[in-house]
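I would ask you to keep the sequence and the model in view while I speak.

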Amino acid sequence: MASSRNIIALKSILHKEIHRFMRIWVQTLVPPAITISLYFVIFGSLIGSRIGEMGGFDYMSFIVPGLIMMSVITNSYSNVASSFFSAKWQRNVEEMLVAPVPNWVIVAGYVGGGMARGMLVGSIVTLVSMFFVDIQIHNMWVIITTVALTSATFALGGLINAIFAGSFDDISIIPTFILTPLTYLGGVFYSISLLPDFWQGVSQINPIVYMVSAFRYGFLGISDVSLALSFSVLGVLIVSLYTIAMVLITKGIGLRS
Amino acid sequence: MHSALKISGLKKTYKGGFQALKGIDLTVKQGDFFALLGPNGAGKSTTIGIIMSLVNKTAGKVVVFGHDIDQELETAKSFIGVVPQEFNFNQFESLMKILVNQAGYYGVERKLAVQRAEKYLKKLDLWDKRNDSARMLSGGMKRRLMIARALMHEPQMLILDEPTAGVDIELRRSMWEFLRELNQQGITIILTTHYLEEAEMLCRNIAIIDSGIIVENTDMKSLLAKLDVETFVFDLKPNSVPTALADFSSRVIDDHTLEVDVKKNQTINAVFIDLNKQGIEVLSMRNKSNRLEELFVGLVGSGQAASESAVKE
């Protein structure tokens with residue numbers, strides 16, 4: 001009885017979340033397609049042709065996985081951060097809090113919504129990429145697993161950000177000052193192996209390096225770090241962030257007085 | 001049979017030290033129409049917030065239809081529908097989506113949820129607006145939407161936190177009618193309101209809360225029976241106001257209005273007999289103020305005093 005109720009509640013949150021970003025598709029789905037096109041024109045065609053090969057592939061092919069991953073990260077994070085904070089701000093989060101919805105269902109529903117947007121945007125960006133480069137696939141399962149785990153990680157991050165946020169400014173601080181620098185320094189545009197030893201060591205504390213590396217392996221069959229290590233880092237991140245999110249929601253931080 | 005709601009020793013101290021509830025006890029029977037009255041800041045919304053798990057309690061126990069919220073929170077929640085004081089729905093969603101999603105949170109299948117949404121939207125005269133976004137609704141419509149939303153899982157207890165605030169008289173009366181209908185169907189209703197007339201007309205039992213303590217908890221008839229004096233306003237034929245009434249304290253307001261204080265052991269008939277003897281014709285008569293209001297003012301004053309003396313102790 002309780003389990004079927006929870007499944008219906010989870011489906012309701014997911015439905016609401018997916019409907020939300022589909023309803024405002026001009027704001028949520030179109031910009032990543034435009035941004036990625038600009039990246040391809042500038043970094044791929046204009047500058048990339050002068051760079052030559054990287055990791056045994058032409059520069060455009062090399063950056064495709066990183067660019068897709070960048071869109072997945074940004075969209076899964078911002079979807080949950082803005083949706084959950086907006087629900088807090090309008091107080092309609094109370095609709096869930098007063099209902100017999102377990103906290104794990106609330107977390108799973110919002111994270112599922114973030115993953116759905118991250119993966120949909122990832123698919124759109126992949127389709128756009130096909131206009132610029134011949135995409136090859138080395139291992140589809142690695143691609144799907146990496147994109148699912150990465151979007152889950154950043155959806156959880158967005159949820160935690162929204163729980164703590166007290167204003168709309170608070171949900172843009174982390175993407176601007178932490179997420180964007182980490183993404184740009186996460187091996188999207190270059191191979192970590194090109195860096196001096198010291199910076200290679202520093203890069204290893206950047207979790208995005210592991211995600212981009214695993215994702216690139218799925219497409220091109222090359223990676224900066226081993227697949228097992230990448231998935232382990234993702235697994236640890238998901239478990240840690242999920243635990244934090246559950247503790248925060250259970251204690252009612254930012255939600256209950 | 002379990003009580004619909006049993007609260008014991010409920011306390012709430014907010015961060016910063018403000019003690020909103022100082023240990024309240026309250027029991028609401030199944031099928032009751034119960035009023036929780038109190039001035040602003042008395043602790044009504046905090047009490048409701050704790051029942052709905054929107055506010056963390058500091059101490060005490062809350063049991064809903066036999067289910068302790070500390071042990072069986074989700075089961076307890078499934079019995080309750082709540083209409084909060086502030087609008088708390090997504091202003092950008094359509095009415096239909098708000099209702100169907102809310103039903104989903106309670107485990108109601110989508111197909112059934114759509115049927116129920118149609119039923120309550122029609123009942124509350126919102127059906128024509130079903131596909132509009134909620135922000136397009138008037139204040140009264142938004143209140144009705146929140147009532148419909150609270151009913152989507154067909155709860156056994158409905159808690160309404162000032163549901164008719166800012167609603168015009170005609171709409172307020174139709175909402176009263178609807179709430180009576182729900183209560184007749186067996187739904188326990190707990191109402192907080194500023195309109196004392198509303199509480200007197202609808203509710204069978206009442207608790208008055210002031211400064212975080214319950215200052216009165218009884219049935220409406222017993223409470224009103226405590227009223228020692230009632231003031232009636234007589235509208236008389238112009239220029240026929242008496243100078244005085246034999247057994248009553250009275251005041252002449254103008255050349256056709258007389259106020260008379262009638263004690264508990266006196267009858268209004270005696271007033272009419274006296275006026276009749278003086279050849280004065282009465283055109284109409286009404287209560288000067290709502291009876292409950294007079295009691296409320298007295299009780300709230302005493303609650304404040306009790307609270308202050310408790311603090312001194």
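Predicted model: local features only at pLDDT ≥ 70, side-chain atom pairs only at ≥ 80, totals over all residues.

Let me begin with the overall division of chain B.

I turn to a first sheet. In chain B, four strands make an open sheet in the order β2-β1-β4-β5, and their pairing is antiparallel. The edges are taken by β2 (19–28) and β5 of chain B; each has a single partner strand, so one side of each has no neighbour in the sheet. Within this sheet, β1(B) and β4(B) run antiparallel and are joined by five bridges. One position to look at is B:Lys11, which stands opposite B:Ala59 in β4(B).

Is B:Lys12 buried or exposed? B:Lys12 belongs to strand β1 of chain B, residues 5–13. A residue counts as buried when 20 or more other C-beta atoms lie within 10 Å of its own. B:Lys12 has 24 other C-beta atoms within 10 Å and is therefore buried. Leaving aside residues up to four places away in sequence, B:Lys12 touches B:Ala20, B:Leu21, B:Thr46, B:Ile50, B:Val55, B:Lys57 and B:Thr58. The C-alpha atoms of B:Lys12 and B:Ala59 are separated by 6.8 Å, although the two residues are 47 residues apart along the chain.

Two loop residues of chain B call for comment on their backbone angles. As background, most residues other than glycine have a negative phi. B:Phe65, in the loop between β4 (59–64) and β5 (67–68) of chain B, has a positive phi, near 50 degrees. B:Phe65 has 20 C-beta neighbours inside 10 Å and so counts as buried. B:Ser211 is not a glycine, yet its phi is positive at about 50 degrees. This residue sits in the loop between β9 (205–210) and β10 (213–219) of chain B. With 23 C-beta neighbours inside 10 Å, B:Ser211 counts as buried.

Now to a helix of chain B. Does the span of helix α5(B) agree or disagree with what its 13 residues should give? At 1.5 Å a residue, α5(B), residues 139–151, should span 18 Å; its end C-alpha atoms are 19 Å apart, which agrees. The buried residues of α5(B) include B:Arg143, B:Arg144 and B:Arg149, together with B:Leu145, B:Met146 and B:Ile147. Against which elements do the buried residues of α5(B) pack? They pack against β6 (80–83), α3, α4 (110–123) and β7 (157–161) of chain B.

A second sheet of chain B comes next. Four strands form an open, antiparallel sheet in the order β12-β13-β11-β14. Here β12 (249–254) and β14 (282–287) of chain B stand at the edges with a single partner strand each, so one side of each is left without a neighbour in the sheet. From one strand to the next, the twist averages 25 degrees. The antiparallel pairing of β12(B) with β13(B), residues 257–263, extends over five bridges. Within β13(B), B:Val260 is the bridge partner of B:Ser250. Helix α9 of chain B, residues 268–277, lies across β11 (229–236), β13 and β14 of chain B, at about 140 degrees to β13(B).

We come to the contact between the chains. How many residues does each chain bring to the contact? Chain B contributes 23 residues and chain A 22 residues. On the side of chain B that touches chain A, the elements giving two or more residues are α2 (73–78) and α3 (95–105) of chain B. The largest share of that side, four residues, is from α3(B). By class, the side of chain B has nine nonpolar, ten polar and four charged residues.

I close with helix α11 of chain A. The 25 residues of α11(A), residues 227–251, should span 36 Å at 1.5 Å a residue, and the end C-alpha atoms are 36 Å apart, which agrees. Its buried residues are A:Ser230, A:Val233, A:Leu234, A:Leu237, A:Leu241, A:Ala245 and A:Ile249. In an α-helix there are 3.6 residues a turn, so residues three or four places apart point the same way. The buried residues of α11(A) pack against α6 (103–129), α7 (140–164) and α10 (207–220) of chain A. After α11(A) comes A:Gly252, with a positive phi near 80 degrees.

Terms used:
Residues numbered from 1 in each chain as written. Chains lettered and ligands numbered in written order. Expected span 1.5 Å × (residues − 1). Buried ≥ 20, exposed ≤ 12 C-beta atoms within 10 Å, placed from the backbone. Contact = placed C-beta atoms within 7 Å. Nonpolar A, V, L, I, M, F, W, Y, C, P; charged D, E, K, R; others polar. Pairing = 2+ DSSP bridges. Axes fitted to C-alpha atoms, helices over the stretch in contact; angles between N-to-C directions.
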